[in-house]
Amino acid sequence: MSNPLVDMEKPDVIFCIGTNMTETHPVAATRLKTAIRNGATLICADPRKIPLARMADLHLPLRVGSDVALLGAMAHVIVRDGLTDEAFIAERTEGYDALVKHLETMTPEWAEGICGVPAADIERAAHLYAGAERGAIYYTLGITEHICGVDNVQSLSNLVLLTGNIGREGTGINPMRGQNNIQGAGDAGALPNNYPGFQPVTNPANQAKFAQAWGREVDLELGITKVRALEQCGESIFAMLICGENTVVSDPDRAHCEHALDALEHLVVIDMFLTETAERADVVFPAAGWGEVDGVFTNTERRVQRVRKAVEPPGSAKPDWEIIAGIARAMGLGDGFPYQSAKDVFNELCQLSTTYAGLDWDRIDKGEYHWPVPDREHPGTPILHLGEFPRGRGLFVTPGYRDPAETVSDDYPIWLTTGRRLAHYHTRTMTGRAKGPDWLVPEELLEVHPDDVQRLSLVDGGVALMKSPRGEVLIKVKATDQSPRGTVFCSFSFGDVRVNDLTGAGYDPITDTAELKVCPVSVEPAGARV
Amino acid sequence: MSTITIDGQSVPFEDGETIYEVSRRLERDVPTLCYDDRLEAFGACRLCVVELEGARNPVASCTTMAADGMVVRTATEAIERHRKTLMDLVVSENPKGARIDPLRGLASQELAHLAVRYESDGSRFVGKQSGTSRPDDTNPMILRDYDNCISCYRCVRVCAEREGDYAISVANRGFETQITTEFAGLLEDSDCTFCGQCVQTCPTGALGDLRSMEAQDQPGEFEKTRSICPYCGVGCSVDILTKNEKIVGVQPAMDGPANLGALCVKGQFGWDWVDSDERLTQPLVRKDGKLVPASWEEAWERAAKGFKSVVEKHGRHAVYAVASGRAPHESAYSVQKFVRYGFGTNYVDNCSRA
Ligand code: SF4
Ligand code: SF4
Ligand code: FES
């Protein structure tokens, strides 16, 4: 997030797109509700009539995967109607003329034809956002989990730069991170392109820095993403270490995933449970989990916070860092892993990271710091891009609309979009074993508009057969007008309804993020299949 | 600068500060029951009354703004007598309220503590209890023991003002007062999201955390460990409750910078997986196609040998590692270092792309 969570109470216009925040980030959503109670205007762009859409002053029910068209048309209107922040554009951006040219054809009427949102509503949204004193954008995976995820983000960033809604309190472009420490995993350098602190591996100076610190030289070449690595299993990748991820269930195209892992010569899994992924391993290490280890999480607002051990782990389970150090020792690499405690590991990270350089284990005891904290004197950075952007000027880019990897056809005439539910988290390894949440949502449901239920001869509460070119699942139907006609929704939290057998037609070419949000399917009564 | 005099001490105050807030800054122990500093002051219980010079009657300090030149006394004999009478009344209506297990909720002891402070045992008045419990609501998370309700409306207000769900409201008045959902039904049929915020602000334990109450009868006290919720990226601060070396509950941290005392159903009630019997307790290695228990040394050796032989056969770019987005930094840092230090490659990623 460019801005801290406290800022969520401060905008006068809020634009939420591709985020079901009341379910995925409920506590952050309470702050938006406060802003709304205090009079802020809410624009919600989402295919479904999610709770935020019901609260919104303006709901833009776009067709799944058509965000670039909608956002391009909003930018078109902002330019056409002279609603830009000219001083901001002149001082802090570049590429404006190219953008104006690019936007010429992206009229609201053109967009209406693609995304299904009435041109008048697109105009109204553009006017509301551009007219804001403090306009803030919030999004989650509904923006990024597409083949055009990067285009989506760039389209949002264009709106921000056109209107100067950045670098001030209550504004910004704010992706909400889904997992508790997904931010921290990147900060810590678990990325194929960056050392800890987002220092590019391709920069020889960084190579030299780490070679000096570790006494080992690391390639200047980029690594490959997990998605590519899974594709390469049995071809060029033959061993994997998977830490705390149930790849088989969480990743798209389950059959492909299982096949990939089975093609390995050596698979080592570190986890708390014998997940579907761990079951395929050669060696499984029992991990100590939450409440059982000391450590650090960084949240979505880049706040660096301590987690603490409250109880002993079960049996002989150990913290991940100890397990990995043990493997390293057995390989004769023990010198690189001399840690006595989580504190030692974290402090080494701080010494080598530029974003954490001013931090250490003791300084983050109270969780006051937002990174970057480049040195000891630095107070932390709750708001990013105050005076300038990392690259100097903000660059307008010109993404064009592309269809999703697969579009609806006679065989697969319905859009499936996937997401999360309030009571459950990811693949339910935790919430499925917690009495309360499991009682609230005990099973997977396919949300179908009542008219579609009728049209497709389904029964509310009955079982449907849902197919995509990659697979099929049986799933219970729930009639609800939360789904628009022609689009169905479910989560991927339940292992017995293998929704990710169906998804995964394509990946964003730049980030390799899977298109989990859009998948054409057919839905029919399960009939004798139940 | 404007000043106010409290118990003889003259202090400056900021615009919009109440007498109660200034008194608290001065560490005056003014009792409250309907007050929660995250909520708009309500002025219902009257326990926070103070003497204000020039005012005929005592005023509720939580709803009265500080003003220049005010002279306030927070604990005169008359005020304390007045408070005792109020407490005697409240306790007589809620005799159980003075003996509530602290595992019910964060604020559940407020009434009990004041009962001790004012030596109220419920014997002075013949009480008539208001509020009727809802044993028919069999949800496994929130106890609705309204026999203990004192109509402070903190639950209703936190649900509206903080959670923004408006799931519960107040029906009737006086002794008939009842906290209820729309249509007097069950929480699961209302707009309730089971965030537990009402539970944690209830000062009497009329609302209780059923999950932690399971540990109520175990001997001993519980302890708190400050941590961060393991679910989404908001990073809410929590206190993990432990009793006899087991996690028995979670309470929100009121001073948590990301959440200011709020949690959602996952953070509040989603912790009991930790003690699941499906947890792995020892390393497993594959032998004859089956995963079987092994010692740590054996498992470490097996893991190491596998990586070494793949490197020998296919080169160092044949090894890949995936770090978790849920484990702490030390895990991800170790995973990437294992790859970079061990194999000299950048063949590492985390699970954010799915
Ligand atoms: S249930 Fe608790 S919080 Fe709600 S009004 Fe009654 S005493 Fe107050
Ligand atoms: S649990 Fe949360 S949503 Fe439900 S009544 Fe209590 S405060 Fe409201
Ligand atoms: S605390 Fe002031 S009236 Fe209740």
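Begin with chain B, which is divided into domain 1 (3-75), domain 2 (90-213), domain 3 (222-275) and domain 4 (284-350); such bounds come from an automatic or database domain assignment. The structure is a predicted model, in which local features need pLDDT of at least 70 and side-chain atom pairs count only at pLDDT 80 or more, while totals for chains, interfaces and linings use all residues. Residues are numbered from 1 along each chain as its sequence is written, chains are lettered from A and ligands numbered from 1 in the order in which they are written, and side-chain values use heavy atoms, with hydrogens and water left out.

**Chain B: domains and a backbone feature**

Colour domain 2 and domain 4 of chain B; their C-alpha centres lie 52 Å apart. Next, select Glu27(B), which has a positive phi of about 60° although it is not a glycine. Glu27(B) sits in the loop between helix H1 (19-25) and strand E3 (49-52) of chain B. Helices (H or I, at least four residues) and strands (E, at least two) are DSSP runs, numbered from the N terminus.

**The two ligands**

Select ligand 1 and the 13 residues around it, of which Cys149(B), Cys152(B), Tyr153(B), Cys155(B) and Cys202(B) come nearest. A residue counts as near if one of its heavy atoms lies within 4 Å. The shell around ligand 1 comprises 10 nonpolar, two polar and one charged residues. In this classification Ala, Val, Leu, Ile, Met, Phe, Trp, Tyr, Cys and Pro are nonpolar, Asp, Glu, Lys and Arg are charged, and the others, Gly among them, are polar.

Move to ligand 2, whose surroundings include Cys159(B), Cys192(B), Cys195(B) and Cys198(B), as well as Asp165(B). By class, this shell has seven nonpolar, two polar and one charged residues.

**The interface of chain A and chain B**

Display both chains: 149 residues of chain A are in contact (heavy atoms within 4.5 Å) with 112 residues of chain B. About 10900 Å² is buried between them, with carbon and sulfur atoms giving 63%; buried area is the accessible area (1.4 Å probe) that two parts lose on being put together, summed over both.

Seven salt bridges are found across this interface, each a side-chain nitrogen of Lys or Arg within 4 Å of a carboxyl oxygen of Asp or Glu. To view a salt bridge, select Glu265(A) and Lys313(B), whose side chains meet at 3.1 Å, N to O. Then highlight helix H16 (residues 320-330) of chain A, which gives the most to the side of chain A that touches chain B, with 10 residues. That side has 75 nonpolar, 37 polar and 37 charged residues.

**Chain A**

Chain A is assigned domain 1 (5-176), domain 2 (182-352) and domain 3 (414-529). The C-alpha centres of domain 1 and domain 2 of chain A lie 35 Å apart.

Select Trp371(A) and Pro372(A), which a cis peptide bond joins, with omega about 0°. Pro372(A) is placed in the loop between helix H17 (342-352) and strand E14 (394-395) of chain A.

Over all chains, the search finds 55 salt bridges.
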